[in-house]
Amino acid sequence: MAKKINILFLLFFVLLNACAPQAKNAASSQPLSPSPAADSALSAVLSEIGGKVETREPQADAFQPAQLNSVLNINGQALTGSDGRARLDLSSGTIFRVAPNSLFTLISNEETPDGLKTRLQLAIGKIFIILNGGSTEVETSSGTAAVHGSYMSVSFDPISGETRITCLEGYCSLGNASGKVEITAGQTALIRGAGQPPQSGEMSDADIQEWLDANPEAALVIPTPIDVPTLAVTAISPVTDLPPTPLPSTVMPAPAPGNGNPPIENNPIPTAAPTLVASISFSGVAPTSSVVGEPLSISVSLVPAFGAPAPTGGVQVFANSQLICSGSIDGTGSAFCSGGIATAGTFNIVAKYLGDAKYLPSQSSPLTGYYVSQASATTIIVSHAPNPSLVGAAVTFTATVDVMSPGSGTPFGNVTFSDGTNSCVDYAAPWSCSMALASVGVSSVSASYSGSSNFTGSISSLVSQDVLANANTEFRNVTAPTSTLGDTTQCVQTYQVDVLDVNGVSHVKVEYGVNNNSFLPYDASHSVLLTNTSGNTWQGSFSIPAAALDTVFWRFIAVDNASNILFFGGSSYANGYPGGAVNAYAFDLASTFVGSCP
């Protein structure tokens, strides 16, 4: 009886299908999905929804239940529950399928010489990508995956920091600052945690079955199983902690030609398997305890078997099942590596020797009870706009949460913004939300990060939000001469004022009159422009041509970005607002003062 084709045979057909021109032409003649109508160059239409699926548009305060055929625009987010699944169709014809317990953000889309390039940010869970031209990149906190072809899945676990991709068809890659691997149809790549280099391997039966279960389009590149004679083939295994030990080979001489024996190439055959065992132990682990993500400096020693040569190759160090780092053995039998533990808790640390041509793999005794505590996080409000704002109008606050050295990692959790009376909350980075402030004056607002199992909570410093009663310009903190001046050293005076306007401020002047407080008609020659020195503050230092016994009258003039003219002090402009009393100072008859100020 014939048996079903095994996974190795399936992968052979996947690779064959990826390289066959006629298969590509057939696929391109039948698009994967119709291109949906979209509101922008980057948008995705929710064409299928199952279970709990929520979305959040940019600047929205919270997630809302997803609606079928609704559009997710640039910087929009999609969130699935434990039973949630969703299909999103890009305007380019590319399909995204979102697995349960997943959260991703649609970041950007741009035209390149190779076609449309799309970027996503995966915060947790898994997403399947069925590409219809161009390329797609998926960013996680531990690495970036890219597909240049058709079919790729990306999964990310924020607790361990593990990123894994499968490349069902086409060309895919996975990389970070520690390296990059490029794979093709039937292969997989894995980053075990933040700062760890990527590794490549082969897809398993379960990987291919998951593609078939989640994506009907996968049947286009995976052939239907057929009956074939029994083949003595071993299924391809996924990446493991201990890769197979490389074996040396010898060469078998080719049989002499003649007597019906054609010439053949030499065939390598394996030699005997390694039999020696090296003793492996820790010679140093520092620090003796750490915080999440803090680099550990680890030294390992290997002792060769009695009378045998020194072992060669590499070692890996694990905290429970989590890979910390890898290192190579030097000529003295020592290895060194550095890496952090991505989660808080108590760990058993072990070192594994990977073996070589003479030595079997071996493992050290565990270093038990190694404690990793939460890393400290700091929260900062980086923007609040508009400022100033009208009373009762919404103000958008944005904060960052950064992990403090020596810790590292990606914080998750929520941030609450509050002035003690009003508040709003955002549940994922980038943390931003809007709230209306109900009291006129200066409102002090802080941001509070909730913390998580890996990072401590923190509260930001206060920021001041100016809340105005109406659209008129407000003048605050006036600094200018208001008393009698007695000598020439006081001719140069400093004028400073804070000017607030919800329309923004275009420029600020000081208007003056000598022995004249009518200020009408407006005379541009009797005004001096001030400089915006910082924030809302405007300042200038200058002299006004006045002589002994003269009285100088002055007032501040502000023009906002809506071209409204407003002033502090003096009578009103024909097109301005009424003000208060004129501010003035006078020169006395001090004997040291002669003539007028320049």
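This is a predicted model: local features need pLDDT of at least 70, side-chain atom pairs count only at pLDDT 80 or more; totals for chains, interfaces and linings use all residues.

Which residue in S43 does Asn532 stand opposite? I looked it up: Asn532 faces Trp538.

**Around S43.** I followed the pairing that holds this residue couple. Strand S42 (residues 531-534) runs antiparallel to S43, with 3 bridges. S42 and S43 make a hairpin, and 2 residues sit between them. I checked the turn too: Gly535 has a positive phi of about 55°.

Then I looked for another partner of S43. Strand S39 (residues 492-500) pairs with S43 (residues 537-543), again in the antiparallel sense, over 7 bridges. One bridge I picked out there joins Gln493 to Phe542 in S43.

**Whole protein.** I counted 3 helices and 46 strands. Of the 598 residues, 42% are buried. For contacts between residues at least 6 apart in sequence, I get 58% joining residues at least 24 apart. Accessible surface: I have about 28,100 Å², with 55% of that on carbon and sulfur atoms.

**Largest pocket.** I went looking for open space next, and the largest pocket holds about 870 Å³. I find 45 residues lining this pocket, and Ala123, Pro158, Thr410, Pro411 and Phe412 are the closest to its centre. Elements giving two or more residues to the lining are S6 (77-80), S9 (103-112), S10 (115-130) and S24 (322-328). S10 contributes the most, with 4 residues. By class, I noted 24 nonpolar, 19 polar and 2 charged residues in the lining.

Terms used:
Residues are numbered from 1 along each chain as its sequence is written. Side-chain values use heavy atoms; hydrogens and water are left out. Buried means under 20% relative accessible area, exposed over 50%, partly exposed in between (1.4 Å probe, protein chains only). Contact means heavy atoms within 4.5 Å. Accessible areas come from the Shrake-Rupley method with a 1.4 Å probe; for residues, only the protein chains shown count as cover. On a 1 Å grid over the protein atoms alone, a cavity is a set of points where a 1.4 Å probe fits but cannot get out, and a pocket is an open set with protein on both sides within 12 Å along at least five of seven lines; lining residues have an atom within 4 Å of a point. Grid points are joined across faces, edges and corners, and a volume is the space filled by probe spheres set on the points. Ala, Val, Leu, Ile, Met, Phe, Trp, Tyr, Cys and Pro count as nonpolar, Asp, Glu, Lys and Arg as charged, and the others, Gly among them, as polar. Two strands pair if DSSP finds at least two bridges between them.
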